[in-house]
Amino acid sequence: MNVQPILQVTNLHVSYDQIEVLRGVSLSVDHGSIVTLIGANGAGKSTLLRCISGILRPKMGSITFAGAEIGERPAHLIARSGLAHVPEGRRLFAKLTVDENLRMGAFRRNDRRGIDNDREHLLEVFPRLRERFRQVSGTLSGGEQQMVAMARALMSRPRMLLLDEPSMGLSPIMVDFVFETIRKINGEGMTILLVEQNASLALQIATNAYVIENGAISLEGSGVHLMDDPRVREAYLG
Ligand SMILES: Nc1ncnc2c1ncn2[C@@H]1O[C@H](COP(=O)(O)OP(=O)(O)OP(=O)(O)O)[C@@H](O)[C@H]1O
Ligand SMILES: [Mg+2]
């Protein structure tokens, strides 16, 4: 039984130039859970994910992942230790096909058989990608691109997934599909830190949730608990 959280962020401060954007953020994510982070535009959600995955350096504070301090570690080593980040806007290799993008996700692996099995499994999770296997990613719909981004991240066999606004810009049916898939991936054991504007759906699938306002955590609790909190209802579920 692993009782330590897989990810622990403590008193994190991050600035762009002189402007402090995260002002003492602490949060933790348990093995196998879905933790949701909600907050208004500009609150610092993407900044927090960028800092966890090593794209940004903290000014102060600590980030431990799987028992090791990663706050000063370069991004490629954080990725290698099993933290996969699906950024806002998806960032696919637009000129590569779906298949090639998936292969890029596995570029650090050399277990040919495992890679083939994982790809086959992900094409079952995302049947649409099987239909679009040879299509150039830049020509996919937004929802299809989101699927490729998630599947590509999973091809690295991460221990944890950071998802930044996976439902952004998608049609309602596609939003439901993406959330359903997040739930399914979590059901298979994947730990997920989910940043979302769609607070209602994100809180429904969350084990635990945090609200971030102006670079600081203002509320935390179980997903159901926060869904019933009048402050959350007024500000994010209106
Ligand atoms: N590269 C940057 N340089 C300077 N300021 C930045 C930079 N990136 C973000 N910021 C600022 O930091 C603050 C937090 O931005 P961040 O992208 O983390 O917000 P967010 O919560 O993800 O918002 P959204 O919901 O709109 O994606 C904002 O005020 C933003 O303008
Ligand atoms: Mg953002």
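Student: Which residue takes a positive phi just after helix 7?

Tutor: Gly 189 does, and its phi is about 110°. Helices (H or I, at least four residues) and strands (E, at least two) are DSSP runs, numbered from the N terminus. The model is predicted, so local features need pLDDT of at least 70 and side-chain atom pairs pLDDT 80 or more, while totals for chains, interfaces and linings use all residues. Residues are numbered from 1 along each chain as its sequence is written, chains are lettered from A and ligands numbered from 1 in the order in which they are written, and side-chain values use heavy atoms, without hydrogens and water.

Student: What span is expected for helix 7, and what does it reach?

Tutor: The expected span of a helix is 1.5 Å times one less than its number of residues. Helix 7 covers residues 172-187, 16 residues in total, and reaches 22 Å from its first C-alpha to its last, close to the 22 Å expected.

Student: Which residues of helix 7 are buried?

Tutor: Buried means under 20% relative accessible area, exposed over 50%, and partly exposed in between (1.4 Å probe, protein chains only). In helix 7 the buried residues are Met 174, Val 175, Val 178, Phe 179, Thr 181, Ile 182, Ile 185 and Asn 186. They cover an arc of only 160° around the axis, so they are on the same side of helix 7. The arc is that of the directions from the helix axis to the C-beta atoms. Pro 172, Ile 173 and Gly 187, on the other side, are exposed.

Student: How many residues of helix 6 are buried?

Tutor: Twelve of its 13 are buried, so helix 6 is largely enclosed by the rest of the structure. Among them are Gly 143, Gln 146, Arg 152 and Leu 154. Contact means heavy atoms within 4.5 Å. The buried residues of helix 6 pack against strand 6, helix 3, helix 4 (112-125), helix 5 (127-131), strand 7 and helix 7.

Student: In what order do the six strands of the open sheet stand?

Tutor: Two strands pair if DSSP finds at least two bridges between them. The order is 6-7-8-3-9-10, with mixed pairing. Strand 6 and strand 10 (216-222) are at the edges with a single partner strand each, so one side of each has no neighbour in the sheet. On average, neighbouring strands of this sheet are turned by 15° against each other, direction ignored. Strand 9 (residues 208-213) pairs with strand 10 in the antiparallel sense over six bridges. In these strands Tyr 210 stands opposite Glu 220, and Glu 213 opposite Ala 216. Their hairpin has two residues between the strands, and Asn 214 there takes a positive phi near 45°.

Student: Which strands does helix 7 lie across?

Tutor: Axes are lines fitted to C-alpha atoms, for helices over the stretch in contact, and angles run from 0 to 180 degrees between N-to-C directions. Helix 7 lies across strand 3, strand 7 and strand 8, at about 160° to strand 8. Helix 1 lies across strand 3, strand 6, strand 7 (160-164), strand 8 (191-196) and strand 9, at about 150° to strand 7.

Student: In what order do the four strands of the open sheet stand?

Tutor: They stand in the order 2-1-4-5, and their pairing is antiparallel. The edges are strand 2 (19-29) and strand 5 (68-69), each with a single partner strand, so one side of each is left without a neighbour in the sheet. Strand 1 (residues 7-16) is joined to strand 4 (residues 60-65) by five bridges. Thr 10 has Ser 62 of strand 4 as its bridge partner. Helix 1 packs on this sheet, touching strand 1, strand 2 and strand 4, and its direction makes about 115° with that of strand 1.
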